[in-house]
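The following note sets out points for discussion, in numbered form. Please read it alongside the sequence and the coordinates.

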Amino acid sequence: MKRRICMLLFSAFAVLCFFSAVMLLRDSIRSKHEKEANLMLAQKVRQAVKMQEKDAAPEPLSEETEGDFILPGYRELWEQNQDLSGWLTIEDLGIDYPVMNTPDDPEYYLRRGFDKEEAVSGSLFIGEGWSPEGGNTIIYGHHMKDGTMFGKLDEYSNWEYAKEHPLIRFDTLTEKGEYQVIAAFYSQIHSLEEKDAFRYYWYIDLSDKKRFEEYVTKVKAASIYDTGVEAVYGDKLLTLSTCSYHAKEGRFVVVARKTG
């Protein structure tokens, strides 16, 4: 009887190990495929910039957008998928990705790649309620264990790292942008019952001076360190948000101001 029980337990353990191995292999293949797909997008952009930037004049986004001209490098991707809103680059972290925007369904790319197909790592995307006039672009991305998307964003929790890597590049389709980090902090998604909680994700429209100054003050107060970089009303801000496991519904956030 004991022998039979041992055999059953051994068989169950073997099946569990086999299943785990299959899952790990599947995840590895998936991760490799998604990395390659995003790398190809980045390479396409770089090649297009080299070929077009010196020789070709920028072209209008569409006949309906007079005065708005797309930057060399992004037109081909925009023609493939007009949900493309910009491009985010933090080279040392391997962040070199398109940023998507779907106002009617903000989390559409939460688990979709640029090609709109299912992707565990998803895509970087702009949050709900954004407008160019609001002054704060909040970009969300998954904290992937393989380091992709915002998997390494929390390197900015280290002051030494932040000091050595103060600049982030975020281009819209029509304008290049360089941003300087002003703060990094841990946060979480707060319940509506929690009073006086700093819900950074509610600060989308900063066109009002008081609202802008309130956000900057709270960001600086929450920051892990003091960068010495200030933001004044009229500055365009960039807020990067990803999951963190320090608390339930935890988040890690980096905020930067546009410098050029």
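Which residue in E9 is the bridge partner of Ile138? The partner in E9 is Thr239. The points below concern a predicted model.

1. The barrel. Eight strands form a closed barrel in the order E3-E4-E5-E6-E9-E10-E8-E7, and their pairing is mixed. Ignoring direction, neighbouring strands of this sheet are turned by 30° against each other on average.

2. Helix H4 on the sheet. Helix H4, residues 209-222, packs on the sheet and touches strands E6 (136-140), E8 (178-188), E9 (237-244) and E10 (250-258). The direction of H4 makes about 70° with that of E8.

3. From E4 to E5. Strand E4 (residues 95-100) pairs with strand E5 (residues 124-126) in the parallel sense, over two bridges. Within this pairing, Met100 has Phe125 of E5 as its bridge partner.

4. E5 and E6 run antiparallel and are joined by two bridges. Phe125 has Tyr140 as its bridge partner in E6.

5. Burial of E6. Strand E6 is mostly covered, with five of its five residues buried. In a regular strand, side chains alternate between the two faces of the sheet. Both faces of E6 are covered: Asn136, Ile138 and Tyr140 are buried on one side, and Thr137 and Ile139 are buried on the other.

6. Aromatic pairs. How many aromatic pairs does a search of the whole structure find? The search finds 15. The pair formed by Phe185 and Phe198 is classed as tilted because the ring centres are 5.8 Å apart and the planes stand at 35°. This pair links distant parts of the chain, since Phe185 belongs to strand E8 and Phe198 to the loop between E8 and H4, 13 residues apart. Phe185 and Phe198 are both buried. Phe198 also pairs with Tyr203: the centres are 5.7 Å apart and the planes are at 65°, so this pair is edge-to-face.

7. Accessibility in the second pair. Why is Phe198 counted as buried? Its relative accessible area is 14%, and the cut-off for burial is under 20%. Tyr203 counts as buried because its relative accessibility is 4%.

8. Aromatic cluster and charged side chains. Phe185, Phe198, Tyr200, Tyr201, Trp202, Tyr203 and Tyr215 form one aromatic cluster. Two arginines lie over rings of this cluster. Arg199 is placed over the face of Trp202, at 4.9 Å from the ring centre. The charged end of Arg211 sits over the ring of Tyr203, 3.8 Å from its centre.

9. Val219. This residue is found in helix H4. Is Val219 buried or exposed? Val219 counts as buried, because its relative accessibility is 0%. Leaving aside residues up to four places away in sequence, Val219 touches Ala183, Phe185, Phe198 and Val255. Val219 and Phe185 are 34 residues apart in sequence, and their C-alpha atoms are 7.8 Å apart in space. Both aromatic residues touched by Val219, Phe185 and Phe198, are members of the aromatic cluster described in point 8.

Technical notes
Residues numbered from 1 in each chain as written. Predicted model: local features only at pLDDT ≥ 70, side-chain atom pairs only at ≥ 80, totals over all residues. Heavy atoms only, no water. Pairing = 2+ DSSP bridges. Helix = DSSP H or I, 4+ residues; strand = E, 2+ residues; numbered from the N terminus. Axes fitted to C-alpha atoms, helices over the stretch in contact; angles between N-to-C directions. Contact = heavy atoms within 4.5 Å. Phe/Tyr/Trp six-rings, centres within 6.5 Å; stacked < 30°, edge-to-face > 60°. Buried < 20%, exposed > 50% of the residue type's maximum accessible area, 1.4 Å probe, protein only. Lys NZ or Arg CZ within 6 Å of the ring centre and 35° of its normal.
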